[in-house]
Amino acid sequence: MCLAIPGEIMAVGTDRPVAEVDVSGVRRSVDIGLLDGERLAAGDWVLIHVGFAMSKIDEAEARATLELLQGLGAAYDDEIDALRESEIG
């Protein structure tokens, strides 16, 4: 199962459309090119799917979504494990 997971932006790249994002304690580079024109900064939340930020969401929505996803158990754990093993260059 592939899920879209909320992540909090820790830093936004200056030379490429990439942001460092924290997803449940896992930090990864995420491509933010699909959100061109959206003002993104540290502390913002984005919905991530297969290494791409798909949309900017507010913190309340992000936290509610994380709580729901964590309730899925193994499917959520599998996604976090896959995220931990992934990397965008």
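Okay, let's start with the rule I'm using: a salt bridge here is a side-chain nitrogen of Lys or Arg within 4 Å of a carboxyl oxygen of Asp or Glu. Keep that in your heads, and keep in mind too that what you see above is a predicted model.

So, first pair. Asp22 and Arg27 bring their side chains together in a salt bridge, 3.7 Å from N to O. Since the cut-off is 4 Å, that pair makes it in. Arg27 also has a salt bridge with Glu20, and there the closest N and O atoms are 3.1 Å apart.

Now let me move along the chain. Lys56 pairs up with Asp44 in another salt bridge, closest N and O atoms 3.6 Å apart. Where do the two partners sit? Lys56 is in strand E5, residues 52–57, while Asp44 is in the loop between E3 and strand E4 (45–49), so this pair ties together parts that are twelve residues apart in sequence. On accessibility, Lys56 comes out at 34%, which puts it in the partly exposed class. Asp44 has 19% and counts as buried; the line for buried is under 20%, so that's how Asp44 falls on that side. In total, the count comes to four salt bridges by this rule.

Asp31 sits in strand E3, residues 26–31. Asp31 is buried, yet it has no salt bridge. What is the nearest side chain of opposite charge, and how far away is it? That would be Arg16, at 7.5 Å. What the side chain of Asp31 does reach is a backbone nitrogen, the one on Gly33, at 2.7 Å.

Let me zoom out to the whole fold. The protein chain has two helices and five strands. Starting from the N terminus, the order is β-β-β-β-β-α-α. For 89 residues, a compact globule would have a radius of gyration near 12 Å, and the chain has 12 Å, which agrees.

Of the 89 residues, 33% count as buried. Accessible surface is about 5300 Å², and carbon and sulfur atoms own 50% of that. And if you take the contacts with a separation of 6 or more, 46% of them come from residues 24 or more positions apart.

Last stop, Glu38. You'll find Glu38 in the loop between E3 and E4. Glu38 is partly exposed, with 40% relative accessibility. How far apart in space are Glu38 and Gly73? They're 35 residues apart in sequence, and the C-alpha to C-alpha distance is 32 Å.

That's my tour. Okay, over to you.

Key:
Residues numbered from 1 in each chain as written. Predicted model: local features only at pLDDT ≥ 70, side-chain atom pairs only at ≥ 80, totals over all residues. Heavy atoms only, no water. Helix = DSSP H or I, 4+ residues; strand = E, 2+ residues; numbered from the N terminus. Buried < 20%, exposed > 50% of the residue type's maximum accessible area, 1.4 Å probe, protein only. Lys, Arg positive; Asp, Glu negative; His and termini not counted. Polar contact = N/O pair within 3.5 Å; in protein donor to acceptor, adjacent residues only side chain to side chain. Rg over C-alpha atoms; globule rule 2.2 N^0.38 Å. Contact = heavy atoms within 4.5 Å. Areas by Shrake-Rupley, 256 points an atom, 1.4 Å probe, with all protein chains shown as cover.
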